[in-house]
Amino acid sequence: MSGVAMQRNARDNSTKIPDSYKPRKRFMELAIAEAKRAADRGDYPIGAVITRVMGKREVVIASAGNRVKTSGSSIKHVELETLKYVSSGYGRYLQEFVLYSTHEPCAMCAGACVWSRIGAVVYGVSQEDIAAYGRKHGTEYYKWRACLISCQFVFERGNHRVPVFGGFLRKECQKLFSYRAPIMTPAV
């Protein structure tokens, strides 16, 4: 999907992600590390990173792990929380920013990407991957439910074209399904 053309809105002269943009492994690796930290504190192992593209440079602006279980709120998805955080400091439109997520953004988070006009989305495992894993291995504690509406579908129905790079480091992100926090033994 890397050849998605960017649409320029006539009313919007903001910086955009270049058509030649290629996702970077180190940013998804940071999202994976955040996902593991989330699992270490008892949450779903899902991580996200938001970067800002400035010419040939790309820098991390925010990174976090999921907080659905630990916050007690079913809408504390890491993608939504990082978008809110970055918007609070950079304004409501985020055209020069890229959302990296270990898991495909659900319909709610994809809608937030549309409204914030995120520059691009990079994800590891798809909603289909999440649902398949949940059907086979879900437990009462880790249900792994999925909203089988692809983020691409939400973006196509929205009024903002978002380049999507799906399946990026997919195998590494799939390992998060079975990641469990290491058991700490008390120091003697």
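**Close-up 1. The largest nonpolar core.** This core has 26 residues, and those touching the most other members are Leu83, Leu99, Cys113, Ile118, Val121 and Phe155. A nonpolar core here is a set of buried Ala, Val, Leu, Ile, Met, Phe, Trp, Tyr and Cys residues joined through side-chain atoms within 4.5 Å. Buried means under 20% relative accessible area, exposed means over 50%, and partly exposed is in between (1.4 Å probe, protein chains only). Strand 1, helix 3, strand 3, helix 4, strand 4 and helix 6 are the elements giving two or more residues to this core. Helix 4 gives the largest share, five residues. Zoom in on leucine 83 and you'll find it touching Ile50, Leu94, Cys109, Ala112, Cys113, Ser116 and Ile118, leaving aside residues up to four places away in sequence. Apart from this core lies another one, of 22 residues, among them Tyr21, Val49, Val122 and Phe168.

A word on what you're looking at: this is a predicted model, where local features need pLDDT of at least 70 and side-chain atom pairs count only at pLDDT 80 or more, while totals for chains, interfaces and linings use all residues. Residues are numbered from 1 along each chain as its sequence is written, and side-chain values use heavy atoms, with hydrogens and water left out.

**Close-up 2. Helix 4 and its surroundings.** Helix 4 covers residues 107-116 and is mostly covered itself, with seven of its 10 residues buried. Those seven are Cys109, Ala110, Gly111, Ala112, Cys113, Val114 and Ser116. They pack against helix 3 (78-90), strand 3, strand 4 (120-125) and helix 6 (151-157), where contact means heavy atoms within 4.5 Å. Helices (H or I, at least four residues) and strands (E, at least two) are DSSP runs, numbered from the N terminus.

Close-up 3. Five strands line up in the order 2-1-3-4-5, with mixed pairing. Strand 2 (57-65) and strand 5 (164-165) are at the edges with a single partner strand each, so one side of each has no neighbour in the sheet. Two strands pair if DSSP finds at least two bridges between them. Strand 1 (residues 47-54) and strand 3 (residues 97-103) run antiparallel and share five bridges. Look for alanine 48, whose bridge partner in strand 3 is serine 101.

**Close-up 4. Aromatic pairs.** The structure holds four aromatic pairs. Rings of Phe, Tyr and Trp (its six-membered ring) pair if their centres lie within 6.5 Å; planes under 30 degrees apart count as stacked, over 60 as edge-to-face and the rest as tilted. Tyrosine 90 and phenylalanine 97 have ring centres 5.1 Å apart and planes at 65°, so they make an edge-to-face pair. Tyrosine 90 is partly exposed, at 40% relative accessibility, whereas phenylalanine 97 is buried, at 0%. Tyrosine 133 and phenylalanine 177 are stacked, because their ring centres are 4.5 Å apart and their planes at 10°. Tyrosine 133 sits in helix 5 (residues 127-137) and phenylalanine 177 in the segment after helix 7 (170-174), so the pair ties together parts 44 residues apart in sequence. Both residues, tyrosine 133 and phenylalanine 177, are buried.
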